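Reader: Hello! Could you take one part of this model and walk me through it closely, from how its elements are arranged down to the residues involved?

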Amino acid sequence: MDVNFFKKIVMVVALGSYSVFCHAELTIEINEGTVVDGIPVAVVPFASQGAPVDIGAIINADLARSGYFRMMPRGSMPSQPSSASQVQFPQWQGLGQNYMAVGQINGNGGQYNVQFQLLDVSKGGAMMGYQMASSADDLRRTAHHIADLIFEKLTGKKGVFNGRIAYVTSDRKGKESQHKLQVSDTDGFNPQTIASSTQPLMSPSWSPDKKKVAYVSFEKHNAAIYVQTLATGERTRVAEFPGINGAPAWSPDGSKLALTLSKDGSPDIYTLDVSSRVLRRITKSFSIDTEPVWSPDGNNIVFTSDRGGKPQLYITSSQGGGEEQRITFSGDYNARASFSPDGQNIAMVHGNGGDYRIAVLDVNSKGINVLTNGPSDESPSFAPNGSMILYASKKGQTGFLSAVTLDGKMQQRMVFNSGEVREPAWAP
Amino acid sequence: MKFNKTILTLLVITALVGCSSDDETDPLAAGTLNGPGGVNTDASTSGLNGAGGIDGSGLNGSGVMNGAGGMNGSGNSKYPNAAIGPEFSDPRNPLSKSIIYFSLDSSEIQADFVPIVAAHAQYLAAHPSQRVTLEGHGDERGSREYNIALGEQRGKTVAGKLTLQGTSDSQLDNVSYGEEKPAAFGSDESAWEQNRRVELVYQGR
């Protein structure tokens, strides 16, 4: 990947009126890839009288980071119409735009009415129009929802921006650390802490219905796996065996967790039926087996094992007792698999000579495509439409989250100004 | 108006949760995960898909668990086991060293550390009621759960050496923190080599 042809745009987004964010500040950087093949789209600033959120900017940022579009900078726009009837289409046709979004926000204080239209510039008419009610607090999500509608209309694929991500943060104060498990919008806004401890928290995994998160906590100075219901904050400890209790991963039907336990010797993969608590051992090697993930059909489990000397990915039946076949052969370190929702690709941490990047393995051809620049990228997680991968990265002592499109052309970085952010998990 | 307008009414959710202003110091008991009560949301959607995430799952307020008691918070940072006996803070005594370091991707005990492990084995054999937790750690490179496994492997290697030399299994506990509790913060070899370690944490220290 040629870094030089990346054009870098840095947007600093102070959270302003969003006092709920606990003084956090978020910096979003888009490393915009070559966009010659992106669909030209102009998101005109929405007309508003003092709405607390710039909806047009949020839609623009979402569409930009999808990698599908070439977004028109605001400064290049010849006018700022807020409805189809105000648009002089020849003006925009002359600027090479295929589509444009226009809209307005009406209301004051708590309640707003958001209208938008997606326009086909060459045909000179509207393709889609919506009117939505939104509270002030919910305007960001309304903007993400509009971005999803536009994305789906123009690409035929489901949008993923109005979703959620979970991740772990760590703040150091002297010798003490504060670890938090947080859930936020997909662009890092609206973070909410769902668990917090002075001891490490790790490995969040969303249940398929998005209502629960499983994670590892060392709060009792040993490792235990908890399942927490987001709506209520209630949680259950589902594994606390001697040794490692790690790497929980929900089965696609939500009935089981795959996990890593070392209670019987070296770390092995097990499945745990969440309601009956029946435990089944899946691997029995003398080496390290960990980081299980389910294939989307639930039939197989891919995991990391160093049985061949170095960590590589292997696949086996999720019923156990099957063959365990190695599936990665390029690179001296392949670990921490994440299946694409269609089961065709596996994202992973791909290490060569101490340099760790995110790569994607084509399940059928076994070809590997390295997407990121390293040197310490980890924890890849596919977006629910398979078009992007969220991962954690480090620069100096700052840990941040990044998203990269499946073709590697577009990268976006979210830097939270306090502490280290890691282990992102995109809600399914 | 010539456009085709679809009305989508989204009943608005207020998934707003107040941040606890004192969440760093909040001494809530371990296990309580119902923090400052979040505003429960009542959401419904009509018209086109309310899917895509505008659902009403109200994320409730933050929960704070504290790490009850500190196994790491010993007062003497140079000789963390000093409270066990004078030999643990005598720099001429190998017992004063409580950290075994490892090379990259390895859980072999290097020659330098063999006498240190032997001294601890001898002490533990002579004090059968003394318990020790072996805390395994790794450097930051590679994936986190794999590093948990590597840290455990290092702890088990030390445990194996100790038991070979007379320590009883029942005196030993193992926990691996992987790369989650670095001793040195930094992304270079000098930080990494300080982080690939097993700490012998004497109970009661």
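Author: Gladly! One definition is needed to begin with: two strands pair if DSSP finds at least two bridges between them. Please keep in mind that this is a predicted model. With that in hand, look at chain A, where strand β9, residues 164–173, pairs with β32(A) in the antiparallel sense over five bridges. One of the contacts you can look up is A:Val168, whose bridge partner in β32(A) is A:Arg422. In general, strands of a sheet pair through backbone hydrogen bonds, either parallel or antiparallel.

Now step back to the sheet around this pair. Four strands of chain A form an open sheet in the order β11-β10-β9-β32, and their pairing is antiparallel. At its edges lie β11 (192–197) and β32 (420–426) of chain A, each of which pairs on one side only. From one strand to the next, the twist averages 20°.

For a helical counterpart, turn to chain B. Here helix α1 (residues 114–126) packs against helix α2 (residues 144–164) of chain B at an angle of about 55°, and their axes are 8 Å apart. Because of that angle, α1(B) counts as oblique to α2(B). The two helices, α1(B) and α2(B), cross in a right-handed way. On the α1(B) side, B:Val117, B:His120, B:Ala121 and B:Leu124 make the contact, while α2(B) contributes B:Val158, B:Lys161 and B:Leu162. Sorted by class, the contact of α1(B) with α2(B) has five nonpolar residues, one polar and one charged.

Definitions and conventions
Residues are numbered from 1 along each chain as its sequence is written. Chains are lettered from A and ligands numbered from 1 in the order in which they are written. This is a predicted model: local features need pLDDT of at least 70, side-chain atom pairs count only at pLDDT 80 or more; totals for chains, interfaces and linings use all residues. Axes are lines fitted to C-alpha atoms, for helices over the stretch in contact, and angles run from 0 to 180 degrees between N-to-C directions. Angles under 35 degrees count as roughly parallel, over 145 as roughly antiparallel, 65 to 115 as roughly perpendicular and the rest as oblique. A crossing is left-handed if the near helix is turned anticlockwise from the far one by less than a right angle, and right-handed if clockwise. Two residues are in contact if their C-beta atoms, placed from the backbone, lie within 7 Å. Ala, Val, Leu, Ile, Met, Phe, Trp, Tyr, Cys and Pro count as nonpolar, Asp, Glu, Lys and Arg as charged, and the others, Gly among them, as polar.
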